[in-house]
Amino acid sequence: MARYAGRRQVLPVLGLDIGGVLVDRLAEGEDTSFFGSRPMETPAVDGAFEAVARLQVAFDYRVHIVSKAGPRIAALSREWLLLHKIISPALPASNVHFVTDRADKAPICHRLGVTHFVDDRLSVLNHLTSVDHRILFTGGLGVHPSSDPRDVPADITMLPTWPATTRWILDNLKRYGPR
């Protein structure tokens, strides 16, 4: 799939956050329960594995994970992604990127040519000005409140579940033309 921006062909690239998007944010006041004593038991967000598998195919395997984490949580996140086979031949470890400040996701997404990004934090999505399609995902927030829809800018799409997010992204990809 591709669309043309001027004379340049643009291939869609998907970016995903981890905490609150792939991993349920269960730990009160923290990004994930990776801070607890049994981090590999941290549950995935309902439907995340199926969605990632389906979207990898739809994006011709141009999928990157871009997440905020310090060295310890990044190592636990990689281990969790390997355990659950998110990191695989279809999504190699080289497509997993960690930053120490959420705003630093923006230059990585720009460099990778990310066209679609799914995050659970409006503050992150507001920084991703080079990303055409920003999705505020609210399905993995656990006990954390979601953003008030009135505070979400019109150019950011707020979606509550992985099935709804997958449908929206697949419908949006039709704009990029045939594969």
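Reader: Where is serine 77 found?
Author: Serine 77 is found in helix α2. Helices here are DSSP runs of H or I with at least four residues, strands are E runs of at least two, and both are numbered from the N terminus. This is a predicted model: local features need pLDDT of at least 70, side-chain atom pairs count only at pLDDT 80 or more, and totals for chains, interfaces and linings use all residues. Residues are numbered from 1 along each chain as its sequence is written, and side-chain values use heavy atoms, with hydrogens and water left out.

Reader: Is serine 77 buried or exposed?
Author: Serine 77 is buried, with a relative accessible area of 4%. Buried means under 20% relative accessible area, exposed means over 50%, and partly exposed is in between (1.4 Å probe, protein chains only).

Reader: And what does serine 77 touch?
Author: Ile18, Phe34 and Phe98, not counting residues up to four places away in sequence. Contact means heavy atoms within 4.5 Å.

Reader: What about glutamate 79, buried or partly exposed?
Author: Glutamate 79 lies in helix α2 too. Glutamate 79 is partly exposed, at 43% relative accessible area.

Reader: How far apart are glutamate 79 and methionine 40?
Author: In sequence, 39 residues; in space, 7.8 Å from C-alpha to C-alpha. Methionine 40 lies in the loop between β3 and α1. Leaving aside neighbours within four places in sequence, methionine 40 is in contact with Leu76, Glu79, Trp80, Leu83 and His84. The C-alpha atoms of methionine 40 and tryptophan 80 are separated by 5.8 Å.

Reader: New topic. Where does arginine 25 lie, and what polar contact does its side chain make?
Author: Arginine 25 lies in the loop between β3 and α1. Arginine 25 is buried, with a relative accessible area of 8%. The side chain of arginine 25 makes a polar contact with the side chain of aspartate 120, at 2.7 Å. A polar contact is a pair of N or O atoms within 3.5 Å; within protein, one must be able to donate a hydrogen and the other to accept it, and residues adjacent in sequence count only if both atoms are side-chain atoms.

Reader: Let's zoom out. How many helices and strands are there?
Author: The protein has 5 helices and 8 strands. Buried residues make up 50% of its 179 residues.

Reader: Which residues touch the most other members of the largest nonpolar core?
Author: Leu16, Leu22, Ile65, Leu81, Val118 and Trp162, out of 37 residues in that core. A nonpolar core is a set of buried Ala, Val, Leu, Ile, Met, Phe, Trp, Tyr and Cys residues joined through side-chain atoms within 4.5 Å.

Reader: Which elements give two or more residues to this core?
Author: β3, α1, β4 (63–68), α2 (71–83), β7 and α5.

Reader: Tell me about α5. How many residues does it have?
Author: Helix α5 (residues 162–173) has 12 residues. From first C-alpha to last, α5 reaches 16 Å, close to the 16 Å expected at 1.5 Å a residue. That expected span is 1.5 Å times one less than the number of residues.

Reader: How do the axes of α1 and α5 cross?
Author: They come within 9 Å and cross at roughly 10 degrees. The two helices are therefore roughly parallel to each other. Among the residues making the contact are Ala48 and Leu55 of α1, and Trp162 and Ile169 of α5. Axes are lines fitted to C-alpha atoms, for helices over the stretch in contact, and angles run from 0 to 180 degrees between N-to-C directions. Angles under 35 degrees count as roughly parallel, over 145 as roughly antiparallel, 65 to 115 as roughly perpendicular and the rest as oblique.
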